[in-house]
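Please look over the sequence and the model shown below before reading on. The report then moves from the overall fold to one helix, the core and the aromatic rings.

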Amino acid sequence: WRNIRSLAAALESIGWWSGEPASAIFPLVVGGNEDAVALARALEERGFFVQAIRPPTVPDGTARLRLTVSSEFPADFAERFAAALEGSAAELGLAPCPPGA
């Protein structure tokens, strides 16, 4: 849970998360299918494997990245991932869409 809370705080600080996480799975809503795939690829280029989940698995317009946190992740994972997400999203012109927004 320490890593889960750390990631939630790091994502919240850049506008990609809001509130308490319910599990180790973080669904980061991106919106369009192409945007979700592009963001997943950009993160992979920065060393993070994150799956893009698209319709029909999720409703149209709510494509997302699915990030699963592990207790084995290093202590600096949350900050490094948040920086990679923020930079990748900015390069692609994507704005955060935190849960509940």
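How many helices and strands does the protein have?

## Overall fold

The protein has three helices and three strands, where helices (H or I, at least four residues) and strands (E, at least two) are DSSP runs numbered from the N terminus. Along the sequence these elements follow the pattern α-β-α-β-β-α. The radius of gyration, which is taken over C-alpha atoms, is 12 Å, close to the 13 Å given by the globule rule for 101 residues, so the protein is as compact as a globular protein of that length; the rule itself is 2.2 Å times the number of residues to the power 0.38. Taken along the principal axes, the C-alpha atoms fill a box of roughly 35 × 25 × 20 Å.

This is a predicted model, in which local features need pLDDT of at least 70 and side-chain atom pairs count only at pLDDT 80 or more, while totals for chains, interfaces and linings use all residues. Residues are numbered from 1 along each chain as its sequence is written, and side-chain values use heavy atoms, with hydrogens and water left out.

## Burial and contacts

Buried residues make up 39% of the 101 residues in the protein; buried means under 20% relative accessible area, exposed over 50%, and partly exposed in between, with a 1.4 Å probe and protein chains only. Among the contacts (heavy atoms within 4.5 Å) with a separation of 6 or more, 64% are between residues 24 or more positions apart.

## Helix H1

Helix H1 covers residues 2-13, and at 1.5 Å a residue its twelve residues should span 16 Å, which agrees with the 17 Å between its end C-alpha atoms; the expected span is 1.5 Å times one less than the number of residues. Within H1, the residues Asn-3, Ile-4, Leu-7, Ala-8, Ala-10 and Leu-11 are buried. They cover an arc of only 165° around the axis, which puts them on the same side of H1, the arc being that of the directions from the helix axis to the C-beta atoms. Arg-2 and Ser-13, on the other side of H1, are exposed.

The buried residues of H1 pack against strand S1 (25-31), strand S3 (63-68) and helix H3 (77-92). After H1 comes Gly-15, whose phi is positive, near 85°.

## The nonpolar core

A nonpolar core is a set of buried Ala, Val, Leu, Ile, Met, Phe, Trp, Tyr and Cys residues joined through side-chain atoms within 4.5 Å. The largest one holds 29 residues, of which Leu-11, Phe-26 and Phe-81 touch the most other members. H1, S1, helix H2 (33-45), S3 and H3 each supply at least two residues of this core, and H3 gives the most, with seven residues. Not counting residues up to four places away in sequence, Phe-81 touches Leu-7, Leu-11, Leu-28, Leu-43, Phe-48, Val-50 and Leu-67.

## Aromatic rings

The structure holds five aromatic pairs; rings of Phe, Tyr and Trp (its six-membered ring) pair if their centres lie within 6.5 Å, and planes under 30 degrees apart count as stacked, over 60 as edge-to-face and the rest as tilted. Phe-48 and Phe-77 form an edge-to-face pair, with 5.9 Å centre to centre and 65° between the planes. Phe-48 lies in the loop between H2 and strand S2 (51-53) and Phe-77 in helix H3, so this pair ties together parts that are 29 residues apart in sequence. Both Phe-48 and Phe-77 are buried.

Phe-77 and Phe-81 form a stacked pair, 5.9 Å centre to centre with 20° between the planes. Phe-48, Phe-73, Phe-77 and Phe-81 form one aromatic cluster.
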